[in-house]
Amino acid sequence: MFELAPIRKCDKLDKDCGYLVFSDATTKMTYLRKFTFTSLVSGLAMLLLAIATISLPAMYLLVHMEYQHGQVDSESAVNAGFITDVLDDHPDRLITDPALERFVKEDVVFNDADEHETRAILAADGKTVFAKTTEETLAWPIASKQTPIIVDGETKGYYVITRSLAHLLHKAAQIFLVTLVGSVLMAYLLHRFVLRRLRLVEEDQSRNAKFDSLTGLPNRNEAIKELQRRIANSKQGVTAVFFIDLDKFKMVNDSYGHAVGDEVMKASASRLRSTIRPGDFLGRLSGAEFIIVLSLSDGEAGIQRISEAIGKAFSFSHQCLGYEIAITTTLGIAMAPEHGNQAEQLMRLADTAMYSLKATRPGGWKIYEPAMSEKIERELRLRAKLKQALQRDEFELHYQPLLHLDDNQTIGAEALIRWRDSDTGRLVPPHDFISELELSGMIVPVGEWVLRTACKQVVLWRKTLPDFYIAVNVSARQFMEDGFVDLVARILREEKVAPDAIEIELTESILLDDEVAIRILVGLKKIGVTLSLDDFGTGFSSLGRLASMPFDVIKIDHQFIAQMNEGERERSVVLSIIALSHGLGMTVLAEGIETATQRHALVELGCERGQGFLFSRPIPAEAFSTSYIGCNRGAEPKYQWMPSPGLPQPRG
Ligand code: C2E
Ligand code: MG
Ligand code: MG
């Protein structure tokens with residue numbers, strides 16, 4: 001069974017915009033590319049067909065005419081040669097001699113006469129002596145050759161062949177007709193193919209414009225249309241919009257790959273489909289977001305029924321490509337007419353309801369309340385101010401001493417961030433802005449600043465107290481960021497800090513994904529920094545689970561310290577944490593020690609280290625230097641005692 005780790009929340013507005021713009025542009029580009037390609041190919045094919053239709057008969061004509069001319073020339077020359085030979089043997093005879101007639105007629109003139117030609121022997125004066133005519137008048141075009149018969153240097157006459165080449169024209173015309181018919185046929189088929197292809201591309205595009213290709217569900221635009229249509233047609237009852245987000249879906253994609261992610265998405269779509277009636281609308285918006293639009297006659301009761309049905313549909317895990325994956329949904333719901341009558345506005349409100357529920361308690365359902373919008377607006381305002389604070393360098397670190405409880409020796413300090421809001425001049429505690437930094441991702445640059453500032457500080461303080469260390473809080477978002485280990489190593493190197501001068505404090509939230517967390521923790525251990533588990537007991541990890549984690553220090557959360565003197569039961573809890581941590585070879589530090597009684601009890605229970613208002617509140621670096629570092633300059637830093645005003649003095 002798969003346990004899901006925390007999703008890294010990204011900027012929702014940015015994510016949505018980015019997706020839509022990208023999707024549209026891609027579809028358009030694909031269409032244009034396919035259209036251009038198909039048109040080019042079909043244009044080229046048409047051109048080739050036209051060239052073939054003209055050039056095939058033309059080539060035939062040219063080649064054969066050339067051949068016929070050659071033949072006429074050579075036959076005329078050969079036959080004139082024969083006659084010359086005969087006259088050479090009988091120089092006394094004239095070309096008109098009847099004795100020559102038989103020979104001339106049968107062997108020379110008619111031997112292989114063509115049916116489309118005339119052959120003739122002319123006397124020297126040009127008069128015809130013998131002639132063979134197969135046609136009355138020869139049709140155009142003709143090939144003709146007249147070769148002189150020369151005996152002893154005297155022209156006795158001429159041998160003439162005249163041949164009609166009209167039959168070649170007929171043949172060429174036939175070829176032209178055949179290729180023309182073939183080309184027209186080809187062009188027709190090509191045209192049909194091109195049209196079909198373009199129609200397919202068009203259909204594809206219009207489908208893409210309406211449906212999600214993975215799940216086959218209608219998309220955002222269709223959802224808006226459907227919602228608007230239902231609002232307009234609704235006479236009574238309510239039109240409800242369910243904005244559904246699959247929790248931690250990014251984790252599934254990251255851990256199992258997109259193929260599994262796609263299967264989970266499809267399976268989720270069909271589970272959602274099973275929870276609604278046939279006429280109700282189910283669509284996919286973007287990423288892991290779905291939408292259901294339906295009309296209800298029983299208002300909130302109907303909403304509850306459907307929300308519970310969806311929760312039930314996702315209560316068992318998906319079997320996808322050999323993996324068992326459990327996934328839950330967070331639903332935000334808005335209704336018309338109660339929350340508005342505009343489709344897009346209702347969708348935004350349902351999203352707001354989902355978003356605000358997800359930030360606090362993912363995995364349930366919530367109907368929109370106006371306070372949610374105010375909260376989100378506040379968050380957005382705060383986010384903008386924090387961005388500005390980072391640019392204006394308005395963050396500062398305060399330090400709270402960490403002590404050995406048995407002798408109150410200050411051995412280190414915890415660096416705690418504050419924000420000096422330049423608009424109000426107020427020093428804002430981390431509780432008011434850390435979660436916003438995490439949600440917006442700004443915790444990454446801010447966290448880097450914290451670590452670097454703490455490093456610079458510890459270098460200064462170590463000049464006086466060589467074993468002094470600073471504990472730095474690192475949020476889960478920062479910890480899970482790619483390259484976190486390298487970042488820590490780089491900052492330590494750049495600031496020339498010994499790794500044991502820095503303790504990294506992590507909370508149990510990083511342990512949601514054991515495998516990844518252990519890999520990062522081991523990486524940090526390799527660098528040489530100390531690792532402590534902050535606020536222990538507030539999360540859900542057990543000490544047993546911690547046995548596999550390379551923590552050096554366990555910090556018991558202040559709520560256990562506050563309650564430990566209330567009864568034996570509360571005391572036993574602290575005692576067991578201390579005993580088990582020691583069993584695992586870890587050092588224990590108690591947080592939030594406010595009274596001397598608490599300190600005393602902790603010493604008795606064997607807790608080595610502590611921090612709390614009893615000793616000091618977090619104070620700025622200069623004050624800390626004066627109180628805990630400067631005063632020890634040159635002296636043995638053994639006992640330091642900084643009781644906070646108004647707090648009881650420690651006993652003993
Ligand atoms: P934390 O790491 O558990 O820090 C201890 C918190 O307990 C501090 O609150 C400190 O002022 C408070 N505290 C100390 N002694 C006592 C005491 O005796 N009684 C009571 N009631 N409280 C005591 P702070 O400074 O408001 O910080 C709150 C939380 O904000 C921190 O809890 C830590 O989780 C987070 N935080 C502070 N600085 C940073 C930072 O630089 N990065 C990150 N990621 N988180 C930070
Ligand atoms: Mg801490
Ligand atoms: Mg703590």
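Modeller: A polar contact is a pair of N or O atoms within 3.5 Å; within protein, one must be able to donate a hydrogen and the other to accept it, and residues adjacent in sequence count only if both atoms are side-chain atoms. This is a predicted model, in which local features need pLDDT of at least 70, side-chain atom pairs count only at pLDDT 80 or more, and totals for chains, interfaces and linings use all residues. Side-chain values use heavy atoms, with hydrogens and water left out.

Biologist: Which side chain has an N or O atom 3.0 Å from an oxygen atom of ligand 1?

Modeller: That of Glu591. From the backbone, an N or O atom of Phe613 is 2.8 Å from a ligand 1 oxygen, and one of Ser475 is 3.5 Å from a ligand 1 nitrogen.

Biologist: How much of the area that ligand 1 exposes when taken alone does the protein bury?

Modeller: Accessible areas come from the Shrake-Rupley method with a 1.4 Å probe. Alone, ligand 1 exposes 790 Å², and the protein buries 81% of that.

Biologist: Which elements give two or more residues to the shell around ligand 1?

Modeller: Strands are DSSP runs (E, at least two residues), numbered from the N terminus. The elements in question are β13 (410-420) and β17 (530-536); β13 supplies the largest share, 4 residues.

Biologist: Which residues come nearest to ligand 1?

Modeller: A residue counts as near if one of its heavy atoms lies within 4 Å. Of the 20 residues around ligand 1, the nearest are Arg418, Asn473, Asp534, Glu594 and Phe613.

Technical notes: Residues are numbered from 1 along each chain as its sequence is written. Chains are lettered from A and ligands numbered from 1 in the order in which they are written.
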